[in-house]
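Colleague: Thanks for sitting down with me. Could we go through a few of the labels you put on this model and see what stands behind each one?

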Amino acid sequence: MDAKQLSDGLATRFPGKILGVDPLDGTLGRIRFDPAVATDLFRSLRDDYQFTHLTLVGATDWIDHREVFYVLWSDTDRLYLVLSANLPTDAPVIASSVPIWPSANAHEREAWDLVGVKFEGHPDLRRIFMPEGYAYHPLLRSFKIHEPEDLEVKVRSD
Amino acid sequence: MTHGLWNLRVRIEGEIIKDVEPEMGYLHRGIEKISEDRHYNEIITLMDRTCYVAGLAWEHLFIVAAEQALHVTPPERAEYIRVLSAELQRIASHLMWYSAFVQDLGLMTPFLYGMRDRDLILDLFQSYTGGRLTYEYMRVGGVRSDLPLGFTQRCRQVVDWLMDRFVEYDQLCLSSTIFHERCDGLGVLLEPEAVAYGVTGPMLRSAGSHRDLRKDRPYSVYDKLQFQVATASTADVTGRYLVRMEEMRQSVRIVRQCLDWLDDHPGPVMAEHLPRWLGAPYAPMGNESYLLKRNYPTGVGLSMMEEPHGEAGAYVVNDGGEHPYRVKFRSPVLINIWAAKRYLPGYRVADIPPIMGSVDVCVGECDR
C-alpha cells in the first residue's frame with residue numbers, strides 16, 4: 001500500500017472530506033481530513049486498512065486554529081500513518097476515537113488537559129496531569145508562565 | 001498504591017480488586033511547554049530529566065525527530081555510538097527495574113546486586129559523557145565527542161562480566177519458590193487486549209507478540225545488527241521478567257557488534273557545515289551573510305523508538321526558527337499504567353506490588 005492508493009481509496013469513500021496528503025519521512029504520509037467524518041474515517045482505517053494500533057493522539061495550538069493529529073500503526077503493512085484535522089479555536093471539538101481504539105483514552109485526556117481540545121463521546125474526559133479545577137490549558141500559546149494565581153487551585157473533595 | 005510519585009486508587013471488595021484509577025501528574029514539569037522556548041540542543045537537557053533512568057534513550061528519540069524536522073543527517077559513526085549508548089542504557093534501565101522489582105517482592109539481596117552492576121554501566125557512561133545520570137551527550141547532527149581511548153576494551157570487559165551475572169540473577173529468582181508464588185499467573189494481559197489498550201514494550205512481548213520497532217521499522221543502524229526479539233508466552237509477571245532478562249542478553253549482543261564496528265571505522269562524529277545557530281562549535285567562518293538573513297528550514301519530524309519501557313515517540317513541528325513550534329512525546333509508561341484498569345481487577349490487594357512492579361514505572365516520562 002502506498003500513500004496515493006490509500007488517499008484515493010479514502011477520497012472515493014469520503015468525497016470532499018480528504019483535504020490532502022503531505023509526505024512525512026518514515027511514515028506513509030500525513031493525511032489531512034475534515035473533522036466532520038472523523039468517526040467513519042477512523043472505523044474505515046481500522047477495519048478496511050488494518051490500522052489496528054493507535055500510537056499517539058496530540059494537539060497543537062496554531063493561534064488561528066487548533067490541529068489534532070493521530071499516529072496509527074498497521075501491523076500487517078508495518079507502516080505508520082499520520083492523520084491531522086484542523087479545528088476552529090472558538091469550538092475545538094472532534095469526535096472521540098476511544099470507541100474505535102480504546103488506547104486513545106489517556107491520550108485524549110492529555111490533549112484536553114494541555115491543549116483544550118474536546119473529544120465528544122469520550123467516556124471519561126477529565127484532566128490527567130493538571131488538578132481538577134485548574135483554569136488553564138497550559139500548552140495554549142496564550143498561556144502565560146509565572147502567574148501566581150495559578151497556584152490557587154481547588155482540591156477535589158473525594 | 002504509591003510508588004513514590006503516582007497514586008493508584010483501588011476499589012476493593014474484601015481482598016479482591018474491583019476497579020482501579022491511576023492518578024498521575026505529580027511530576028508534571030511541562031517539558032513540552034518549556035521545549036517551545038528552547039533551542040534544539042537545549043532540549044536535550046530536558047530529555048535526560050524526562051526519563052531519568054533512560055536518559056540516553058530519550059536523547060536519541062528526540063534527536064532523531066529534530067534532525068528529521070531540520071533536515072540534518074549525522075555521520076554513520078555517530079549513529080553507531082548512539083545505538084551503543086541506547087543499548088547500554090537499556091541494560092542499565094532493566095537492571096534498575098530488576099532491582100526495584102525484586103525489592104517489591106521482598107527480596108533484598110538481588111536489589112543490591114542489580115544496583116552494583118548498573119554502576120558498572122554508569123562508569124562507562126561517565127567515561128565518555130561526563131555524567132552518571134544526566135548525560136547531555138547527543139547533538140543535532142551527531143554526538144558531542146568521540147569515545148575515549150581504550151573505551152571499547154573496557155566496555156567489552158563490562159558486558160562479559162554482565163553476561164555471567166545474568167545467569168546468577170536467573171538462579172536467584174527463578175529457583176526461588178517465593179518468586180514463583182508471588183509472580184506466576186498474575187497480571188495477565190493477553191495480546192489482543194494489550195493491543196487494544198495500547199500497551200507496548202516488554203509487557204506486550206510477554207504476551208507472545210513479536211512487536212519490536214527495532215525489527216519492525218528499523219531506525220538508525222538497527223537494520224545492520226543481528227539480534228532476536230525476546231518474547232514469552234505466559235503474559236504474566238514472570239513472563240515480563242523473562243522478556244527483560246533476555247532483552248538484556250540481546251542488548252549485549254548488539255553492544256558487541258557496535259564495538260566491533262567502531263573499532264574498525266574511525267571517523268567524524270558530527271555532521272559538517274551545520275549552521276551556527278544550531279550550536280555547532282566549529283561552524284565555518286567567513287560567510288557571515290546568514291547572520292543578517294538566516295535561512296531557517298521548516299519541517300515535521302516523527303520518530304518512534306523501542307525505548308526500554310516500550311514504544312516511545314517524539315513529534316517535532318519546526319515552523320522555521322531556532323525553537324521548535326511544538327514538541328509532543330508519546331510516553332509508553334503512561335499508557336502501560338493506564339491499562340491497569342484491564343490487568344489489575346480480579347487479583348488480590350497483595351498482588352498489586354508484583355504486578356505494578358512488573359510494569360516498570362518511570363513517572364518522569366509518564367508525567368513529563
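Colleague: What makes A:Ile63 count as exposed?

Modeller: A:Ile63 has 9 C-beta neighbours inside 10 Å. The label "exposed" applies at 12 or fewer, so A:Ile63 counts as exposed. Bear in mind that this is a predicted model.

Colleague: Where does A:Ile63 lie?

Modeller: In the loop between β3 (53-61) and β4 (65-74) of chain A. A:Ile63 also has a positive phi of about 70°, although it is not a glycine.

Colleague: Is B:Ser220 buried or exposed, and how do you know?

Modeller: B:Ser220 has 20 other C-beta atoms within 10 Å. The cut-off for "buried" is 20 or more, so B:Ser220 is buried. B:Ser220 has a positive phi too, of about 50°, and is not a glycine. Its place is the loop between α10 (213-216) and α11 (237-264) of chain B.

Colleague: Let's turn to a helix. How does the reach of α5 (residues 109-129) of chain B compare with what is expected?

Modeller: Helix α5 of chain B has 21 residues, and from its first C-alpha to its last it reaches 30 Å. At 1.5 Å a residue the expected value is 30 Å, so the reach is close to it. After α5(B) comes B:Gly130, with a positive phi near 90°.

Colleague: What puts the buried residues of α5(B) on the same side?

Modeller: The buried residues include B:Pro110, B:Gly114, B:Ile121, B:Leu124 and B:Phe125. Among what covers them are α4 (76-104) and α6 (151-174) of chain B. On the other side of α5(B), B:Thr109, B:Leu112, B:Arg116 and B:Asp123 are exposed.

Colleague: And between the chains, how many residues are in contact?

Modeller: 27 residues of chain B are in contact with 24 residues of chain A. On the chain B side, β6(B) gives the most, with 4 residues. By class, that side has 12 nonpolar, 6 polar and 9 charged residues.

Colleague: Last one: what share of chain A counts as buried?

Modeller: 39% of its 158 residues. Chain A has 3 helices and 7 strands, in the order α-β-β-α-β-β-β-β-α-β along the sequence.

Key
Residues are numbered from 1 along each chain as its sequence is written. Chains are lettered from A and ligands numbered from 1 in the order in which they are written. This is a predicted model: local features need pLDDT of at least 70, side-chain atom pairs count only at pLDDT 80 or more; totals for chains, interfaces and linings use all residues. Two residues are in contact if their C-beta atoms, placed from the backbone, lie within 7 Å. Helices (H or I, at least four residues) and strands (E, at least two) are DSSP runs, numbered from the N terminus. Ala, Val, Leu, Ile, Met, Phe, Trp, Tyr, Cys and Pro count as nonpolar, Asp, Glu, Lys and Arg as charged, and the others, Gly among them, as polar.
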